[in-house]
Amino acid sequence: MSAAATRPNEAERYYNYAYLDEQTKRMIRRAILKALAIPGYQAPFGSREMPVPYGWGTGGIQLTAAIIGPDDVYKCIDQGADDTTNAVSIRKFFARVADVATTEDTAEATIIQTRHRIPEQPLKAGQVLVFQVPQPEPLRGLEARETETRAMHAYEEYGLQYVSLYENISAFGRIAATAGYPVMVEERYLMSPSPIPKFDNPKMDDNEAILLFGAGREKRIYAIPPHTRVRSLDFEDYPFEVQTWEENCALCGAEDSYLDEVVLDDAGNRMFVCSDSHHCGQRRAEGHVGPMAGHQLANPVAEDGQ
Amino acid sequence: MSEPSKPLIIVEDLAKTFTLHNAGGTVIPVFEHLFLEASPGECVVLSGDSGVGKSTLMRSLFGNYVPTRGSVRVLHKGAYVDITGASPQVILDIRRRTLGYVSQFLRVIPRIPTLRLVMEPLLENGVSIEEAEARARALLSDLRLPERLWTLPPSTFSGGEQQRVNIARSFIRRYPVLLLDEPTASLDAENRAIVVQLIRDALSEGAAMIGIFHDEDVRDAVATRLFPVLAYKVAA
Amino acid sequence: MSAVERLASEPLLRVADLSRWYGSIVGCRDVSFEMHPGEVLGIVGESGSGKTTLLKCLSGHLEPTSGKVEFDTRRHGMSDIYGLSEPDRRRMQREDWGFVHQNPRDGLRMRVSGGANVAEPLMNLGRRHYGEMRSATIAWLERVELDTSRIDDKPRNFSGGMQQRIQVARNLIHGPKLVFMDEPTGGLDVSVQARLLDLMRELVRDLGLAVIIVTHDMAVARLMADRLLVMRRGEVVETGLTDQVLDDPQHAYTQLLVSSVLQI
Ligand SMILES: Nc1ncnc2c1ncn2[C@@H]1O[C@H](COP(=O)(O)OP(=O)(O)OP(=O)(O)O)[C@@H](O)[C@H]1O
Ligand SMILES: Nc1ncnc2c1ncn2[C@@H]1O[C@H](COP(=O)(O)OP(=O)(O)OP(=O)(O)O)[C@@H](O)[C@H]1O
Ligand SMILES: [Mg+2]
Ligand SMILES: [Mg+2]
Ligand SMILES: [Zn+2]
């Protein structure tokens with residue numbers, strides 16, 4: 001993150017640096033600072049119209065726009081992959097409006113915008129992970145009244161969140177919820193981690209990077225500063241657990257990464273591969289091989305003839 | 001015995017007049033300047049024609065009707081308490097511990113099994129559930145209420161059966177003062193005799209009673225004195 | 001608690017000169033009374049007489065225009081409930097009170113199962129052991145005579161009477177000191193109503209609960225309440241022992257109210 005607002009050549013630009021006007025960016029930065037100061041608290045902000053529909057991550061895009069500077073290296077992932085249509089267009093957007101270098105390499109990026117995943121590779125101090133959040137309020141499904149959920153946060157009344165876990169156990173014999181699994185931040189604020197798989201929840205705890213969450217339609221920003229305690233909710237007799245797989249990654253053989261199931265043909269053949277495409281590629285480059293290494297999926301970009 | 005025992009209930013200068021606000025303020029004076037006492041072992045039987053005010057007096061003693069003036073002092077937990085000026089909690093406590101009442105009918109009949117209904121006064125006074133049940137069973141047997149009825153709520157019982165449940169509830173424990181408003185009215189001769197015996201037993205154990213008995217045989221068998229309510233009729 | 005202790009105890013609730021106006025319309029005015037632990041108080045009166053307004057003021061849902069409501073809270077002792085901070089008041093409502101609404105929709109979460117509805121108050125008190133809460137829920141469903149095999153059904157799949165039983169269980173499971181009820185049997189047909197009343201009467205007695213119940217049905221009042229407040233145009237016109245008020249009403253309005261009921 002560098003101070004884009006004070007760039008000397010700013011006046012020469014035809015457009016606002018990083019799309020948003022400085023006024024708006026300052027407003028968003030103030031909300032970010034407030035969110036960082038109160039980890040897990042949903043700070044309201046004046047969300048702007050963005051050139052993409054809601055659901056494409058307008059909240060995350062506004063956050064990125066408010067913090068990005070020309071020296072940043074930007075990465076954008078969608079479901080863990082750098083190469084989906086969404087990820088590619090958002091990356092191109094920032095390359096154009098913010099003049100930044102882009103990357104698929106997690107370690108190299110200074111800002112990573114994400115939907116649905118936290119990269120497998122541990123983040124470092126100095127990195128910012130920006131989440132696109134469709135529904136910031138973890139209690140919304142159980143309590144429709146905004147005044148009431150606000151009071152619940154204000155007074156730390158979180159019994160209701162356990163009702164959903166209770167329902168889960170009653171229905172499935174275990175806590176079956178897999179994504180958007182609620183957490184307590186610093187034992188104070190209940191927070192929705194956006195629709196990441198609960199597999200990624202433990203990565204938020206004591207993370208070295210800054211985690212920022214933006215919900216465009218709901219006009220909320222919240223944050224987890226570095227080294228914050230993040231605990232996934234559970235019951236004494238039903239402790240929190242993450243997903244596990246029988247299989248390893250078919251391409252890189254990873255045993256400990258989050259796997260996507262890929263259906264290969266009409267005959268029902270399928271394979272499991274890392275959802276984090278960069279992580280998988282890097283492992284293969286390092287010489288790791290899975291049982292189906294060399295499969296065409298291993299090299300989709302080359303297949304496209306680019 | 002050296003000294004006569006204290007009266008358990010003392011009624012002084014009692015008056016009752018009904019005012020019917022919605023019938024043009026009609027006033028129905030029933031009695032006034034009424035004095036009455038009952039001591040342990042006494043059974044005072046109220047007498048007088050229909051409409052003279054026997055039930056009205058009885059209900060006033062129980063705290064069910066609000067007397068126009070005067071006091072009804074009951075020896076409750078070692079002290080005389082005026083039920084006419086007492087708070088609802090105190091009245092309920094007096095009824096729970098000191099003052100029993102057998103009305104002609106069961107007033108409120110919730111769907112509680114008969115056995116449980118009869119046990120209730122004991123349970124409310126801290127008797128264990130086992131002992132309460134044993135005593136309730138014994139009393140219901142004495143009153144010859146068929147055992148198949150014990151697990152049923154009394155709402156569907158005959159008048160005589162209901163009346164025996166009612167009597168059982170009031171004789172299951174020794175209330176120091178017992179008010180009886182025609183407790184034997186719907187009973188046959190045999191059952192009447194059983195109730196007479198229950199009353200005599202309670203009197204000999206020191207209870208004080210005030211009762212209304214239309215049946216002369218029953219009255220003669222239990223009354224220690226008669227109390228003509230007409231004597232306190234409001235002068236027209 | 002035995003009867004003596006109950007009697008000797010300090011008041012649980014103390015209401016002084018409570019009034020609530022809706023602009024120039026009176027909701028209730030100058031209401032004062034005390035309640036002791038284990039007492040069941042009935043509030044009766046015709047439609048529009050201010051029963052619901054008074055109940056809302058007493059239960060912390062509607063701030064009175066003037067006057068005071070004090071309650072013997074577990075955490076703070078006798079306190080002016082509107083003087084407590086909002087979180088303290090909400091905690092008191094959660095921990096010390098229950099509220100059974102006339103319409104189950106107002107008192108239940110229709111989107112979660114009957115079982116979770118019953119267990120929620122335990123979670124609100126910080127209980128975090130699923131198995132224990134599940135057993136407690138089953139025990140309470142039995143206590144309110146509901147088929148425990150239907151524990152995971154949504155409330156909408158239950159009849160009106162069954163929904164009220166869920167509401168009763170939900171409002172008793174956490175061991176409240178005082179339960180408010182606004183026409184709890186109002187929307188039910190007569191036979192269902194009678195069974196629910198019997199059940200509630202038994203529970204209230206067994207638990208030694210204090211209850212404030214609003215009803216316009218004198219039979220409900222007689223069955224449930226130890227004591228009545230009779231309201232008319234926002235004011236309490238008569239108060240006393242339930243059988244006294246119903247059998248020998250003193251105020252013209254109460255006489256009318258009682259006589260308009262054929263058989264009670
Ligand atoms: N709740 C009431 N409201 C108004 N008037 C009443 C009420 N109860 C009794 N009365 C009137 O008081 C008078 C005395 O009635 P009460 O029932 O006490 O007579 P009683 O001596 O018990 O007669 P009976 O032998 O027929 O039972 C009657 O005129 C009666 O109408
Ligand atoms: N929110 C409100 N705004 C204005 N007036 C109100 C409001 N709520 C109640 N009132 C008025 O206050 C008075 C008392 O109403 P309340 O709802 O307390 O009566 P109630 O005794 O509960 O009646 P019911 O038996 O019909 O439920 C009525 O005149 C009513 O119209
Ligand atoms: Mg009579
Ligand atoms: Mg109402
Ligand atoms: Zn892989």
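**View 1. Salt bridges across the interface of chain C and chain A.** Four salt bridges are found by the rule across the interface of chain C and chain A. The model shown here is predicted. In one salt bridge, the side chain of Arg109(C) meets that of Glu143(A), with 3.4 Å from N to O. Glu148(A) and Arg90(C) also form a salt bridge, and their closest N and O atoms are 2.9 Å apart. This second pair crosses between chains: Glu148(A) lies in helix H4 (residues 146-154) of chain A, and Arg90(C) in helix H3 of chain C. Over all chains, a search of the whole structure gives 53 salt bridges.

**View 2. Extent of the interface between chain C and chain A.** On the side of chain C, 23 residues are in contact with 21 residues of chain A. Together the two chains bury about 2,000 Å², with 55% of it on carbon and sulfur atoms. Within chain C, the residues that lose the most area to chain A are Arg90(C), Arg128(C) and Tyr130(C), which together make up 37% of what that side buries.

**View 3. Polar contacts and the helices of chain C at the interface.** The rule finds 15 residue pairs in polar contact across the interface of chain C and chain A, both residues being at pLDDT 80 or more. Three helices of chain C, namely H3 (86-96), H5 (114-124) and H6 (130-143), each supply at least two residues of the side that touches chain A. H5(C) gives the largest share of that side, six residues. By residue type, the side of chain C that touches chain A divides into 10 charged, seven nonpolar and six polar residues.

**View 4. The zinc ion (ligand 5) and its cysteine donors in chain A.** The SG atoms of Cys249(A), Cys252(A), Cys274(A) and Cys280(A) coordinate the zinc ion (ligand 5) at 2.2 to 2.3 Å. Along the chain, the donors follow the spacing C-x2-C-x21-C-x5-C.

**View 5. Geometry at the zinc ion (ligand 5).** The site of the zinc ion (ligand 5) is tetrahedral, and the angles among its four donor atoms are 103 to 122°. For four tetrahedral donors, the ideal angle at a metal is 109.5 degrees.

Note on methods: Residues are numbered from 1 along each chain as its sequence is written. Chains are lettered from A and ligands numbered from 1 in the order in which they are written. This is a predicted model: local features need pLDDT of at least 70, side-chain atom pairs count only at pLDDT 80 or more; totals for chains, interfaces and linings use all residues. Side-chain values use heavy atoms; hydrogens and water are left out. Contact means heavy atoms within 4.5 Å. Buried area is the accessible area (1.4 Å probe) that two parts lose on being put together, summed over both. A polar contact is a pair of N or O atoms within 3.5 Å; within protein, one must be able to donate a hydrogen and the other to accept it, and residues adjacent in sequence count only if both atoms are side-chain atoms. Helices (H or I, at least four residues) and strands (E, at least two) are DSSP runs, numbered from the N terminus. Ala, Val, Leu, Ile, Met, Phe, Trp, Tyr, Cys and Pro count as nonpolar, Asp, Glu, Lys and Arg as charged, and the others, Gly among them, as polar. Donors are N, O and S atoms within 2.8 Å of the metal (3.2 Å for Na, K and Ca); water is not among the atoms, so sites may look incomplete. Four donors count as tetrahedral if all angles lie between 85 and 135 degrees; four count as square planar and six as octahedral if opposite donors are over 155 degrees apart and all others between 65 and 115; anything else is irregular.
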